[in-house]
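The following paragraphs lead from the fold as a whole to a few individual residues.

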Amino acid sequence: MSQEVEQRVTPSTPAREAQAGVGFGLAAYLMWGCFPLFFALFEGVPAWEILIHRILWSCFFLVGLVTLLGRWAPIRAALAEPWRLGRVLGCAVLIGINWGLYIYAVESRQVLQASLGYFMTPLVNVALGLLVLRESMSRLQGTAVALAVAAIALQLLLLGELPWISLTLALSFGTYGLLRKQVPLDGLSGLFVETLLLLPLGLLALAWLSAIDASHFGEGAWVTGLLVASGVITALPLLAFAGAARRLRLTTLGFLMYLNPSVQFAIALLVFHEPLSSVQLTTFALIWVGLVFYSYSAWQQHRHPTGTA
């Protein structure tokens, strides 16, 4: 009798795994969303110098992490066939552009543009799937992409300028995801190989900065500690995301994904007090409506895999 009661009270293993997955997912996306607070601490350090150290210290930190987790086998296999690393190199270049531009957006207090870029990323993924992979697009997805195009056109017509930070972040991360799907490496191993490929360039850039006495590394414990920490904070949300991805369905992860740009949006308004014009608000509103259509379409396709929602 007591065993029956215990079985009714204690959550099943799948339920506990799902709860843990949601916890990991929330942790990952909250950490990513709070990145502006971290990168805003670098007073007087150029974005490209922070990028150099983010690459270097990510690589060094991942060496220890991969060793601790015993994940060298897939990395050795990938490095043993360097002629097949073309897509990984493409991923490395794209993620480097994405990281650098994001840091620049924070330093120049354009976090709203960064937030818009990550809100746009799922819609860019749909468009890339159609244009590059020749995937089919449902009516709702087509409507969502059309709303995103209308939002960009609105800013161009009324403000006379493209939201280039948003577009570049969305396109670089969307294209990164497209290439990343074609690389047979898990998230942790893939990130290590990507940073490893960028490591020589980072070391050369650091040596050049030191030679011209323009490096901020070693100037003080605070700045030096932040530069080293930039590598650690790069890997931590990835680990949490990997824990979520193993336990949750892709549709659940897709809904949690909106937490990242939502937190960035709140930080931009409430912490950095960035101005939000009526045109910008309309742009966000169009993207948000598009994401509602996109999310509903994804949910319908999960329920009816052969449907055309």
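How many disulfides does a search of the whole structure find? The search finds 0 disulfides, a disulfide being a pair of cysteine sulfur atoms within 2.5 Å. Cys-59 is accordingly in no disulfide, and the nearest cysteine sulfur, that of Cys-91, is 16 Å away. Cys-59 counts as buried, at 2% relative accessibility, whereas Cys-34 is partly exposed, with a relative accessible area of 31%. Here buried means under 20% relative accessible area, exposed over 50%, and partly exposed in between, with a 1.4 Å probe and protein chains only.

Some conventions apply throughout. The model is predicted: local features need pLDDT of at least 70, side-chain atom pairs count only at pLDDT 80 or more, and totals for chains, interfaces and linings use all residues. Residues are numbered from 1 along each chain as its sequence is written, and side-chain values use heavy atoms, with hydrogens and water left out.

The protein contains 14 helices and 0 strands; these are DSSP runs, numbered from the N terminus, of at least four residues for helices (H or I) and at least two for strands (E). The C-alpha trace spans about 65 × 60 × 45 Å along its principal axes. Of the 309 residues, 43% count as buried. Among contacts (heavy atoms within 4.5 Å) between residues at least 6 apart in sequence, 84% join residues at least 24 apart.

Leaving aside residues up to four places away in sequence, Ser-115 touches Pro-261, Gln-264, Phe-265 and Phe-284.

Most residues other than glycine have a negative phi. Arg-109, however, has a positive phi near 55°; this residue sits in the loop between helix 6 (86-107) and helix 7 and is partly exposed, with a relative accessible area of 35%. Asp-213 likewise has a positive phi, of about 60°, although it is not a glycine. Asp-213 is placed in the loop between helix 10 (187-211) and helix 11 (221-247), and is exposed, with a relative accessible area of 70%.
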